[in-house]
Amino acid sequence: MLSRVAERIYWQARYLERAENTARLLSVFSTLLLDLPPGTKLSWRSLVEITGTDKVFDTKYKQANERNVMRFLLLDNEVSSLLTTLASTRENARTTREIMPLEAFEQINDLYHYARDNAAASLSGGSRHRFLEEIISCCHEISGLMAGSMSRGAAYSFVRLGRSLERADMATRIIDVGSGNLLPEIGTGKKRQEAKEPYENTLWMNILRSLTAYQMYRQHVKHRVNGEDVVRFLLQDDDFPRAATHALTTISKVLVHLPNNTKAAKQVNKTRAIVQRGDINQLLESGLFQYLDDLQIEIATIHGCIADTWFLPHI
Amino acid sequence: MRVNWKTYNSGKFFDEIIASPGHARKPARRLANYLASLTHDQLLEKKRAADLAIKTMGISFTVYSDAGNIDREWPYDIIPRIIAAKEWDQTSLGLQQRLRALNCFINDTYNDQKIFKDKIIPRELVVDSANFRKQCMGINPRFGVWAHICGTDLIKGDDGQFYVLEDNLRVPSGVSYMLENRRVTKRVFPELFEKHSIRPITEYPAQLFDTLAAISPRQSDYPEVVVLTPGVYNSAYFEHSFLAQRMGAELVEGGDLVVEKDKVYMRTIDGLSQVDVVYRRIDDLFLDPKTFRKDSALGVPGIFKSWVKGNVALANAPGAGVADDKIIYTYVPAMIKYYLGEEPLLPNVPSYLCVDKVQRQHVLENLDKLVIKPANESGGYGMLIGPQASKKELAEFARRIKADPRNYMAQPLISLSTVPILGERVVEPRHVDLRPFILQADKTHVTAGGLTRVAMIKGSFVVNSSQGGGSKDTWIVGDS
């Protein structure tokens, strides 16, 4: 397989996964905000922060209200809006369509056109909900199509690499939000804890939902929803597809089938060990920020290794 | 309201479907009857379905404009064009004959130059051509074939006879649209395919692959064939990608290829892998900055030398364009007689060479009645349609012809035939041409039909997609 093609397939998968994650994130957080008490620090702005684009946002908008944030994340001509992510997916699919199943391109193309034609009318209310649901469901269809019709050769390996790395990255970003001590102080003493608890549960439940993890968490953790267990599940579970550990394990397994894999494999193992060894209880007390930040750098280094080994040298 | 062939009128032009008001030509009778059984709204509904299919299938081409490059959906008219199988078989023989003669000529030009010595064609006309590549002298590609893929433009005049308008021997495009048009028509009119015996066209990618594999320097069962594209911003990128996919070949850009020890390799995830045949879709001059344009970022440094040494095959071969020149075109009937000893089966459009003093005089005196073409432009650019030109344009072309007579030829304005298209309110006649594709290596193949291009604007003769032309599916229909 051509190095350039490998690179484009990898990015196509990453962008497709990112589009799905963005859509789910917007959908879940829109409902979550309705449930939280006044004074909560979780705001529309948090959404921009999760995607790591707050600096760009600030140059364009004065106020981080619902309309501005939605406009920015859905259709603005910026790096991480849903529409530009889908446009990038399409562009990468368009330039690899001699490799990918024909129907995959057709569906990606359709999805992009649907988003382009409907995003502006879906900035708020019920239409936004329907719009995001449709995007998520189309992304599922495309992933399913690729899973069901692609030989397990190099092309599919790069699909899995891109998708898994994006998932590992997304898991760390979302945990970052939940661990941010976002709830306001309500009441005093023991009452304070009691007053906060239902909101905290809501917050963590929705964090699970934004990674489609709620149902699996309930089945596998068998414990009430609480911060520590949720973080542990999303970071360290080896069976849930969107948990960081599972994503990294997948990457390890895929790498075995690729030539010259030593450097990338080493970096993945290192990252996976950091995730696995994290003492969640202690980290929650001392603050997860630094840990998650370091983790994101390790994940970015995995990408660097993949690019150095298999993609075209950028001259 | 239903389609009414009695009110359909192509005026003085030859219409390929309707012979006289209300009367369809024989091969088109079933189609005409079928269309007349539908209401205009039903046809518009089918058109919408076709437009949607084209959007979904991502059939597009890129238009260059000041506002940036726009990826546009491919323009397609749902009513197929019909050509009788008997007529096509004859045309097809003529096309093969023509390409064989053209390849003899190119090989002769770069080797013995007998045709100049025998004074059939003046030597200077050829070696002064902008497409003559002196670097190619003395090279003998496999089978003596330089132009492996040819797109010949045909038109039908008032007499209903096909004429050759030009031969495209450099990087002719359009074949993917021919194939996709058929795919769309099958989605829109499945019922018509049951009633007609329409020749299939789907074997083209396999024939193209066989043609390319046949010229591989390493004769193995699995030669590495690649399609070299200038990249995603090229107007024909869709086609490059399409053909690579259908052939199961790699689609590469210049940066994917590297030459080491005069062999061509592509960069893959396993390291370097040797390439045998390059179906290049970039112009000669951009192919190799070491041999041709030094500023080319699209090409592959050293690929020309690798070809000269016989380590890689290039299709079409560099320098093949020397026969793709509107001046050399006028000599093709003479070439057929000279090299093959045969009478041309397909006529040229009568032409005047401005380089000849007597003919130039005739051209200058009749500018307002003629079509003036520069030797080397394509896509309909840089030409003058005399009867539609202003006084100022006529004067400008007279000046250009006198300044550089070698670069111009003239033809009478041939009235292109018409076929019906689906308009907003009625079915109306529009002018068409036809680009069949001919392949030559150890064997010769001709597409069943080709790409029909339509001038969508009423009365216009300009069919180029870059200038608002549309397209149609083309059916070669048998008697049964």
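Two strands pair if DSSP finds at least two bridges between them. Strands are DSSP runs of E with at least two residues, helices are runs of H or I with at least four, and both are numbered from the N terminus.

This is a predicted model, in which local features need pLDDT of at least 70, side-chain atom pairs count only at pLDDT 80 or more, and totals for chains, interfaces and linings use all residues. Residues are numbered from 1 along each chain as its sequence is written, while chains are lettered from A and ligands numbered from 1 in the order in which they are written.

**View 1. Strand β20(B) and its partner β23(B).** β20(B) pairs with β23 (residues 451-455) of chain B in the antiparallel sense, over four bridges. B:Arg435 has B:Leu451 of β23(B) as its bridge partner.

View 2. β19 (residues 418-422) of chain B pairs with β20(B) in the antiparallel sense, with five bridges. Opposite B:Leu422 stands B:Val427 of β20(B).

**View 3. Burial of β20(B).** This strand (residues 427-435) is mostly covered, with eight of its nine residues buried. Buried means that 20 or more other C-beta atoms, placed from the backbone, lie within 10 Å of the residue's own.

**View 4. Where chain A touches chain B.** Chain A gives 19 residues to the contact, and chain B gives 19 residues. Residues are in contact if their C-beta atoms, placed from the backbone, lie within 7 Å. On the chain A side, α1 (3-35) and α6 (102-118) are the elements that give two or more residues. α6(A) gives the most, with five residues.

Key: Contact = placed C-beta atoms within 7 Å. Buried ≥ 20, exposed ≤ 12 C-beta atoms within 10 Å, placed from the backbone.
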